[in-house]
There are 2 protein chains.
Amino acid sequence: MGIKERKERHKEDLRQRILDAAKLLFLKEGYDATSIRKIASAIEFSPTTIYLYYKDKNDIIYALQKEGFKLLRTKFSALSNVENPFERLKAMGRTYLQFSIESREFYELMFVMKEPLEFLQSICGEGEDEQWDEGVEAFNFLVRTIADCQQAGYFVGHDIKMFSLLVWSTVHGLSTLNMHGHITHVVEKHLIELQDGGQILEAAFNSYIKFLEQLKS
Amino acid sequence: MGIKERKERHKEDLRQRILDAAKLLFLKEGYDATSIRKIASAIEFSPTTIYLYYKDKNDIIYALQKEGFKLLRTKFSALSNVENPFERLKAMGRTYLQFSIESREFYELMFVMKEPLEFLQSICGEGEDEQWDEGVEAFNFLVRTIADCQQAGYFVGHDIKMFSLLVWSTVHGLSTLNMHGHITHVVEKHLIELQDGGQILEAAFNSYIKFLEQLKS
DNA sequence: TTGCAAATATTAACACTGTTAACTATGTTT
DNA sequence: AAACATAGTTAACAGTGTTAATATTTGCAA
């Protein structure tokens, strides 16, 4: 049975090479420039070969999304050793924002683009039990941290999961407003007398942290 | 000179008809389905005629964005008569969220899609003084309301503009997480024991309001 | 009224896109 | 060696935004 396994491995290998080529293109040139034909020519195969390994373009994009979630979760896991829960929460926020800037394309893939979701809906007709678990895990990590904060005297009286959702919303809102040009624009219109767009994001986040810090009984 | 003016009017009229056709398509079928050729056939003109009235597709999308901002600002203006500033803030948040649900396509156009921004950047090489003023005006309305809240004893000690940005971030974050399927997904994974996706958004917003309400000295 | 030029609209084409059907090699199994 | 499944290919379909060249309509001066 060694031969069959070797072929299996070869097939899995090509599937990965397609994904790697797609990732390279996607991170460098963005979604629109990542065409099936370009991916194919990058790995020196015919365009239609791609369809032997992925259902369609959304399938590839969905696979990339999963990689993105894994990457973010790795970054989060590195913060597990931060003992102080509030410090850990701060670090998570900073990591999240940084991720949205450094891995902008990944971030859009994971949290704003519709294609991965479309793929999920196309593959399973009804509300089946499927993926996106990496994303849920990342959120769980936030929930646990907020719970730890509560035990340390922060945010008492608030529903933990609800509060987590609101924290996520704020940081996600900051990320997206920033990367879609709204924060820069607000600054340019002299609404906020401060440094350039990148630093106002920093300032806004620090403001938020200071704000949360006061919520200690 | 009456003739020239009549032609001007006719030209402006066709420009508007193009935009109306585009809006109809866009709101009903979404961005991808709104092709130049479909717009053209809707108004029974040749596709290339569009280019006599709009620079490119992004130009049309940008024009639609301005309509969206105007629409939202109208909704906000209707709240000017709410005397109590905190009640006004609540109403603004509700209006904003409702807008993101009812006019989802508009919302994406205004706050998440990259095309309108791309058009702005293509039309003016450097940081010229240009549009997006309707959006800035909407934000100004929020800033004024927050300022009024502060005078009523809320949010004391916080920088008004910074605080406004954070409030905007939170509500914008809720809107986008909701409309990109993340809130629904979190609910489905039983992270929050509550009603369906639509109602959890409501619950999260109410949570947020209750939270802000406590920040009164 | 006729001739001309400017404004307006059209056809044809380019260079792409995702995706499918039909076909051809290749290597394994009987 | 013959039959067969697998893997990959070419060709094609139905679209996309956009531009150049061409045609048509229109307003105005001679």
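1. The same surface serves both copies, since 100% of the contact residues of chain B recur in chain A.

2. The model is predicted: local features need pLDDT of at least 70 and side-chain atom pairs count only at pLDDT 80 or more, while totals for chains, interfaces and linings use all residues. Residues are numbered from 1 along each chain as its sequence is written, chains are lettered from A, and ligands are numbered from 1 in the order in which they are written.

3. Between the chains, 32 residues of chain B are in contact with 32 residues of chain A (contact: C-beta atoms, placed from the backbone, within 7 Å). On the side of chain B that touches chain A, α7 (133-151), α8 (160-179), α9 (182-188) and α10 (197-213) each supply at least two residues. Helices are DSSP runs of H or I, at least four residues, and are numbered from the N terminus. The most comes from α8(B), with eleven residues. By class, this side of chain B has 16 nonpolar, eleven polar and five charged residues (nonpolar: Ala, Val, Leu, Ile, Met, Phe, Trp, Tyr, Cys and Pro; charged: Asp, Glu, Lys and Arg; polar: the others, Gly among them).

4. Around DNA strand C there are 18 residues, of which S35(A), D56(A), K57(A), S46(B) and T48(B) come nearest (near: C-beta atom, placed from the backbone, within 6 Å of the strand). Both α2 (36-42) of chain A and α1 (2-29) of chain B supply at least two residues of this surface. Its residues comprise seven nonpolar, five polar and six charged.

5. Around DNA strand D there are 19 residues, and S46(A), T48(A), S35(B), D56(B) and K57(B) come nearest. Two or more residues each are given by α1 (2-29) of chain A and by α1 and α2 (36-42) of chain B. The surface near DNA strand D has seven nonpolar, five polar and seven charged residues.

6. Helix α5 (residues 104-111) of chain B is mostly covered, with six of its eight residues buried (buried: 20 or more other C-beta atoms within 10 Å of the residue's own, with C-beta atoms placed from the backbone). These are F106(B), Y107(B), E108(B), L109(B), M110(B) and F111(B). They pack against α9 (182-188) of chain A and, in chain B, against α3 (57-77), α4 (85-102), α6 (115-123), α7 and α8.

How values were computed. Contact = placed C-beta atoms within 7 Å. Buried ≥ 20, exposed ≤ 12 C-beta atoms within 10 Å, placed from the backbone.
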